[in-house]
Amino acid sequence: EYIATDNLGEIIEKLAILHIRTWMLEDAIQETKIPMEISALKKKIDICFKVKRPKLVQAINLLVDDAIRNGTSLAEESVKLYKGINNE
């Protein structure tokens with residue numbers, strides 16, 4: 001099972017969000033002293049890096065492989081704009 005998309009930027013964005021989530025979980029581990037809470041947080045970190053991250057990396061690999069095989073570009077025609085950011 002892999003993440004199907006035709007947009008490299010979307011995958012990279014999801015990968016960045018996943019890394020931020022993982023850092024937040026690691027910070028939460030440092031703040032707690034409750035063993036059951038630490039265990040639950042570590043389980044969430046494992047899911048991030050052992051389940052979700054490999055799927056995102058595989059999706060990137062598939063897009064790059066497909067672009068190479070078909071001689072297509074990974075450049076995107078539209079750019080995602082964020083509210084409050086001047087994109088001029």
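1. What does the accessible surface of the protein come to, and what percentage of it belongs to carbon and sulfur atoms? The surface comes to about 7100 Å², and 57% of it belongs to carbon and sulfur atoms. Accessible areas come from the Shrake-Rupley method with a 1.4 Å probe, and for residues only the protein chains shown count as cover.

2. On provenance: this is a predicted model, in which local features need pLDDT of at least 70 and side-chain atom pairs count only at pLDDT 80 or more, while totals for chains, interfaces and linings use all residues. Residues are numbered from 1 along each chain as its sequence is written, and side-chain values use heavy atoms, with hydrogens and water left out.

3. The secondary structure consists of 2 helices and 0 strands. Helices (H or I, at least four residues) and strands (E, at least two) are DSSP runs, numbered from the N terminus. Of the 88 residues in the protein, 18% are buried; buried means under 20% relative accessible area, exposed over 50%, and partly exposed in between (1.4 Å probe, protein chains only). Among contacts (heavy atoms within 4.5 Å) with a separation of 6 or more, 64% are between residues 24 or more positions apart.

4. Helix α1 covers residues 8–31. The 24 residues of α1 should span 34 Å at 1.5 Å a residue, and the end C-alpha atoms are 35 Å apart, so the two values agree. The expected span is 1.5 Å times one less than the number of residues in the helix. At the start of α1, a side-chain oxygen of Asn-7 comes to within 2.9 Å of the backbone nitrogen of Gly-9.

5. Which residues of α1 are buried? They are Leu-8, Ile-11, Leu-15, Leu-18, Thr-22, Leu-25 and Ile-29. Helix α2 is included in what covers them.

6. Thr-22 is worth checking individually. Thr-22 has a relative accessible area of 1% and is therefore buried. Ile-47, in helix α2, lies 25 residues from Thr-22 in sequence, with 9.7 Å between their C-alpha atoms. Ile-47 counts as partly exposed because its relative accessibility is 39%.

7. How many salt bridges does a search of the whole structure find? The search finds 2, a salt bridge being a side-chain nitrogen of Lys or Arg within 4 Å of a carboxyl oxygen of Asp or Glu. In one of them, Lys-14 pairs with Glu-10, with 3.3 Å between the closest N and O atoms. Both residues lie in α1, 4 residues apart, about one turn of the helix. Lys-14 is partly exposed at 38% relative accessibility, as is Glu-10 at 30%.

8. Lys-50 and Asp-46 also form a salt bridge, at 3.9 Å from N to O. They are 4 residues apart in helix α2 (residues 35–70), so about one helical turn separates them. Lys-50 is exposed, with a relative accessible area of 60%, whereas Asp-46 is partly exposed at 37%.

9. Ile-20, Trp-23 and Met-24 make a nonpolar surface patch of about 350 Å². Patches are made of residues with over 30% relative accessible area and no salt bridge; like charges are joined within 9 Å, and nonpolar side chains (Val, Leu, Ile, Met, Phe, Trp, Tyr) within 5 Å. Met-24 belongs to α1 and counts as exposed at 56% relative accessibility.

Notes. Polar contact = N/O pair within 3.5 Å; in protein donor to acceptor, adjacent residues only side chain to side chain.
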